[in-house]
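Start by looking over the model.

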Amino acid sequence: MKGRNMTRWRDPAKDPRQEPKSNLITAEGAERLRGILDHLSRVKRPALSTKVGEAAALGDRSENADYTYNKKELNRVIARIRYLTKRLDELQVVDRLPADTERVYFGAFVTLEDEAGEELTLRIVGHDETDTTKRWISIDAPLAKALLGKGLDDEATVAAPGGESTYLITAIDYRPP
């Protein structure tokens with residue numbers, strides 16, 4: 001049976017999308033999410049509601065592209081508002097330094113050296129604030145899990161699709177972003 005609601009069956013025990021995500025977030029990340037929620041609630045949603053009302057007043061809605069587009073956009077914004085509201089209630093904000101700042105924990109900036117001698121600096125953050133351009137990785141990522149609890153000059157080995165990679169920790173810092 002084919003249809004748009006049919007998807008490929010995945011074994012729930014092996015599906016990476018089913019893995020529980022941590023509910024940790026930095027104070028900056030929580031503030032950013034609150035700002036997005038505020039913008040969507042106070043600016044975007046009322047503007048789209050007005051556009052939908054104006055398009056509906058023009059008459060026949062079945063052939064009204066403005067009405068259809070803006071209604072879909074409004075529903076998308078409402079769903080995002082609902083998600084952010086629920087997610088912000090679940091999150092635990094980490095706004096203090098760990099007791100041992102000589103080890104890698106949540107919020108740490110870590111400088112690594114790979115086997116080829118190249119350096120890589122990344123930050124361990126929550127699932128909701130990952131950013132590849134800034135090199136912020138989720139605490140749920142395999143590399144972050146391998147680094148947690150390690151100290152300076154420790155090695156971390158990570159299983160990757162191309163084989164195992166080993167990294168040497170050369171610096172640990174807990175500065176604000």
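Arginine 135 counts as partly exposed because its relative accessibility is 45%; buried means under 20% relative accessible area, exposed over 50%, and partly exposed in between (1.4 Å probe, protein chains only). The model is predicted: local features need pLDDT of at least 70, side-chain atom pairs count only at pLDDT 80 or more, and totals for chains, interfaces and linings use all residues. Residues are numbered from 1 along each chain as its sequence is written, and side-chain values use heavy atoms, leaving out hydrogens and water.

Most residues other than glycine have a negative phi.

Helices (H or I, at least four residues) and strands (E, at least two) are DSSP runs, numbered from the N terminus.

The open sheet has five strands in the order 5-4-3-7-6, with mixed pairing. Two strands pair if DSSP finds at least two bridges between them. Strand 5 (136-138) and strand 6 (155-160) stand at the edges with a single partner strand each, so one side of each lacks a neighbour in the sheet. Strand 3 (residues 109-113) and strand 4 (residues 119-125) run antiparallel, joined by five bridges. Leucine 112 stands opposite leucine 120 in strand 4.

Helix 2 (residues 65-90) has 26 residues. Its buried residues include Tyr67, Leu74 and Ile81.

Note on methods:
Expected span 1.5 Å × (residues − 1).
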